[in-house]
Structures are given as C-alpha cells and as structure tokens.
Amino acid sequence: MPSQTRFEGSKSYVATDDLKLAVNAALTLQRPLLIKGEPGTGKTMLAEEVAAALGRPLLQWHIKSTTKAQQGLYEYDAVSRLRDSQLGDARVKDIHNYIVKGVLWEAFTAEEPVVVLIDEIDKADIEFPNDLLREIDRMEFYVYETREMIRAVHRPLVIITSNNEKELPDAFLRRCFFHYIKFPDPETMQRIVDVHFPDLKRDLLTQALHSFYEVRDVPGLKKKPSTSELIDWLKLLLAEDIPLEALRSQDAKTLIPPLHGALLKNEQDVHLFERIIAMSRNHR
C-alpha cells in the first residue's frame, strides 16, 4: 500500500471522526498518541490499522507486569558472554554480539518511518513510563556497553494503549496526545458489526444489539461485555443458527440471552444477571 501522511480510517476498522483527528494530531505534533478505553474497544487494532493505512511497518511491544523500560531499548546478555568465554568462543571479543536490540532501537534505526505500539503500558511498574520519558522525547539513547548513541533516523509514530488500571505520571502525560475511545453507541456499533458480518439480517442484528446493550446496562456488573465479546457472541448465534425468537421477549429484562457465556465472563456477573431476571419475573 502506498504511504499516506494522514489517517482516514479503513474498510476493516470503523474509526470515529474524533479518533481520526487524534491520530493525525499526533502525527502533526510528532508526539506519542496515548489511547485509553475499556478493554475490547479496539485500541490494539487501531495501531495495526494506522500502520497499514500509512503504509508503515508496525513494531509491537506488549507490556507485562515484569517488563522494564530498558528492554525496549536493549539488553546486554552478560550470561551468554560469560558462558561463551568459558567455552573459548571467539565471539566474546566483540561485545556487540551480546547486545539484544529492543523495539525502540529497531524503530529508531529503521530505514523508513514505522509505527510503534506500546501495548497496555499500565500493566508495568509505575516507574516504567518515567523511565522512557527522555528516550521518547529526544528520540535517542546511549548504549553504555558499546559507548554509542542511538538516534532516530526517522521519528516513529508511537501509539501507547492503557486500560486505565493505574494512573500514569503527569510528566509522561504532558508529552502525549491523549484520546479516550468511548464505548460505541448503537449506530457506531452497527457499523462495526457490518464490517465483520456484512450479510447479517437486519432484524437479527437489531435484536442482538438490543439484548447486548440490555446486558451492558445491568447495574453492578463487574465486567461489562465489550465490542470484541459482541462479535464473538454474534459469531456463535450464527454458527448455532439461533432463531430470532430466542432473542425476543416482551420484556427484555426477563430473558437470559442464549450463549450468554460469550458476554458475561465471571460467575458473579452471571449470578447477578440471573437474580435480576428472577426478581423481574416475580414482579410481573
């Protein structure tokens, strides 16, 4: 795909106008784009679609609770060097053989501009974002073992996602362009579903969406079903050939949706949903 300078969405990803505006603002300002939102609202997929639309390679760094900022730059494998020295391997004479490049090193030295995804940054230690401040700001870092400075040939577009599990430092936030992906309204959700199921019958989609939002609106749910769970549920409804009547009820609050295990992901929410339905039936 030919490279573009602006993100205008894609056929396979429904991007709202404000989301497209946020991506293009980050490109213009040359700042990282920080994306927050409920799990399952397409934050990770956004980076994939932006990279494809801009015609840029995508480098992904998925963060875990044990991830350290240094790993995104490089790691020095001292253990391997010690082992090789004991074995008399000639490789030990060149320390470069034991420097493992991280995602940011790869991005900084790429021959063309790339998109870097730092996924779920809030999973890491609270100091993780601060430890990356200088490198992301100045687009350079120093390798002490080889005494060389690695500078970005092209400034990458950095997309950072967060599920809001913990607050990020103010100093880090100041360096980012921020966008919160709101949960899709029914109209936007219908467009998203159309991408995945273009031949889905309208009456089935309308009823399924109605049932889905009824479940989301149940007060006290520990985990509300997300967009990705709706897609899974619709896939199951089609695979099992669930009739429209199974989704339909005079009072939606008295009906447990078929295959609701695709929507409700813990026993507390299932029990809560069942209790509310039982109460509704008793008061009819």
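Which residue just after α2 takes a positive phi? I began with this point and found that G55 does so, at about 70°.

**Ground rules.** I noted that this is a predicted model, in which local features need pLDDT of at least 70 and side-chain atom pairs count only at pLDDT 80 or more, while totals for chains, interfaces and linings use all residues. Residues are numbered from 1 along each chain as its sequence is written, and side-chain values use heavy atoms, with hydrogens and water left out.

**Helix α2.** Helix α2 covers residues 43-54, and its 12 residues reach 17 Å from the first C-alpha to the last, close to the 16 Å expected at 1.5 Å a residue; the expected span is 1.5 Å times one less than the number of residues. For burial I used relative accessible area, with buried under 20%, exposed over 50% and partly exposed in between (1.4 Å probe, protein chains only). By that rule K43, L46, A47, E49, V50, A51, A53 and L54 of α2 are buried. I then checked what covers these buried residues, contact being heavy atoms within 4.5 Å, and the cover includes α1 (17-29), β1 (33-37), β2 (58-62), β5 (115-119), β8 (157-162) and β9 (177-181).

**Salt bridges.** I counted a salt bridge where a side-chain nitrogen of Lys or Arg lies within 4 Å of a carboxyl oxygen of Asp or Glu, and the structure holds 12 of them. D17 forms one with K20, the closest N and O atoms being 3.6 Å apart. The two residues are 3 apart in helix α1, and therefore about one helical turn separates them. I recalled that an α-helix has 3.6 residues a turn, so residues three or four places apart point the same way. D17 is exposed at 60% relative accessible area, whereas K20 is buried at 19%.

I also looked up E229, which is buried at 7% relative accessibility and meets K223 in a salt bridge of 2.8 Å, N to O; K223 is partly exposed at 30%. E229 has a salt bridge with K265 as well, at 3.6 Å, N to O. E229 lies in helix α11 (residues 227-239) and K265 in the loop between α11 and α12 (267-282), so this pair ties together parts that are 36 residues apart in sequence. K265 is partly exposed, with a relative accessible area of 45%. Elsewhere, salt bridges that share partners join R83, D84 and R91 into one network.

**Surface patch.** Which residues form a nonpolar patch on the surface? I found Y142, Y144 and M149, with about 320 Å² of accessible area together, the areas coming from the Shrake-Rupley method with a 1.4 Å probe and only the protein chains shown counting as cover for residues. Patches are made of residues with over 30% relative accessible area and no salt bridge, like charges being joined within 9 Å and nonpolar side chains (Val, Leu, Ile, Met, Phe, Trp, Tyr) within 5 Å. Y144 sits in the loop between β6 (140-143) and β7 (148-151) and counts as exposed at 64% relative accessibility.

Definitions and conventions: Helix = DSSP H or I, 4+ residues; strand = E, 2+ residues; numbered from the N terminus.
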